[in-house]
Amino acid sequence: MFVVDSHCHLDFEGMEEHLPDVVARARAAGVGLMVSISSRVARFGALCQIAESFAPVFCTVGTHPHNAHEEPDVTVSDLVRLSEHPKCIGIGEVGLDYHYDLSPREAQARGFRVHIAAARQTGLPLVIHSREAEDDTIAILREEMEKGSFLPLLHCFTSEARLARAAVALGGYVSFSGILTYKSAADIRATAADLPLDRILVETDAPYLAPVPYRGKPNEPAFVVKTLATLAELRGLPVEEMARITSDNFFRLFSKTERTGGIRG
């Protein structure tokens, strides 16, 4: 079985110090590819070093909405230039977070549109964080799509189902994390059960949001197989078939991966 963890943070504290073991445990669990997601453009060099050090690890470039106020001067050309690194396969994570509001909403929206322009120019998928911001996320995606197409991916989906439907209608994808396994996440499971099978991915968002039975512990890429198993059960499919489907979806969306050495299972 070949599984992809489409979203983790291997450069975060608690992960970076133990990377050889983390990657080895992932491979032993059947996780053949991991994408370590950028949260600050200023740390892109360090993120690239991690991706270069481990064959199954790839990365993205972008500024998390929490950090939008820290990197207001990041330009489209900056993102496009950095994304040329062979192991950089996406733009983001970027978007809107109205739950914590750690950055001014204007800065979040401005950064969102800059990253969309970079995704449009490069053809790389845009990794989107959206929390309690459905209306503005949908509005920006629709407005920007009218300027030219790009590939949106809603990561760690926890929003209202209408956001997922809107993203899919725009040609986008939706990724589910360990939250899918939580008893309180019936609405998220309902969304996962309803979306087209060819638009679904799985992720850990490690070191956060460990799935059951690891909830409350630091998350890591190996645990994505638990989320995959829950998704398979929801869709009435064998785990191996869901692994194939989500991996195929990943390679279709992150098409640069195979061109730069990513290998299917």
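## Exercises on a predicted model

F176 touches F157, I188, T191, A192, L195, I200, L201, V202, E203 and T227, leaving aside residues up to four places away in sequence. The model that shows these contacts is predicted.

**Exercise 1.** Determine which residues have the most contacts inside the largest nonpolar core.

*Solution.* Begin with the core itself, which has 69 residues. Within this core, the most contacts belong to L10, V57, V61, F112, L126, V174 and F176. Next, note a second, separate core of 15 residues, with V127, L201, F250 and F254 among them.

**Exercise 2.** Identify the buried residues of helix α6 and the elements that cover them.

*Solution.* Take residues 161-169, which form α6. A residue is buried if its relative accessible area is under 20%. In α6, L163, A164, A166, A167 and V168 are buried. Their cover includes the strands β5 (126-131), β6 (152-154) and β7 (173-176), together with the helices α5 (134-145) and α7 (186-194). Just after α6, G171 adopts a positive phi of about 90°.

**Exercise 3.** Describe the largest pocket by its volume, its lining and the class of its lining residues.

*Solution.* The volume is about 600 Å³. The lining consists of 22 residues, and H64, H66, H129, D205 and Y208 lie nearest the centre of the pocket. Two elements, β4 (88-97) and β5, each give two or more residues to this lining; the largest share, three residues, comes from β5. Sorted by class, the lining has six nonpolar, nine polar and seven charged residues.

Conventions: Residues numbered from 1 in each chain as written. Predicted model: local features only at pLDDT ≥ 70, side-chain atom pairs only at ≥ 80, totals over all residues. Heavy atoms only, no water. Buried < 20%, exposed > 50% of the residue type's maximum accessible area, 1.4 Å probe, protein only. Helix = DSSP H or I, 4+ residues; strand = E, 2+ residues; numbered from the N terminus. Contact = heavy atoms within 4.5 Å. Core = buried A, V, L, I, M, F, W, Y, C linked by side-chain atoms within 4.5 Å. 1 Å grid on protein atoms, 1.4 Å probe; cavity = no way out; pocket = protein on both sides within 12 Å on 5 of 7 lines; lining within 4 Å. Points joined across faces, edges and corners; volume = space filled by probe spheres on them. Nonpolar A, V, L, I, M, F, W, Y, C, P; charged D, E, K, R; others polar.
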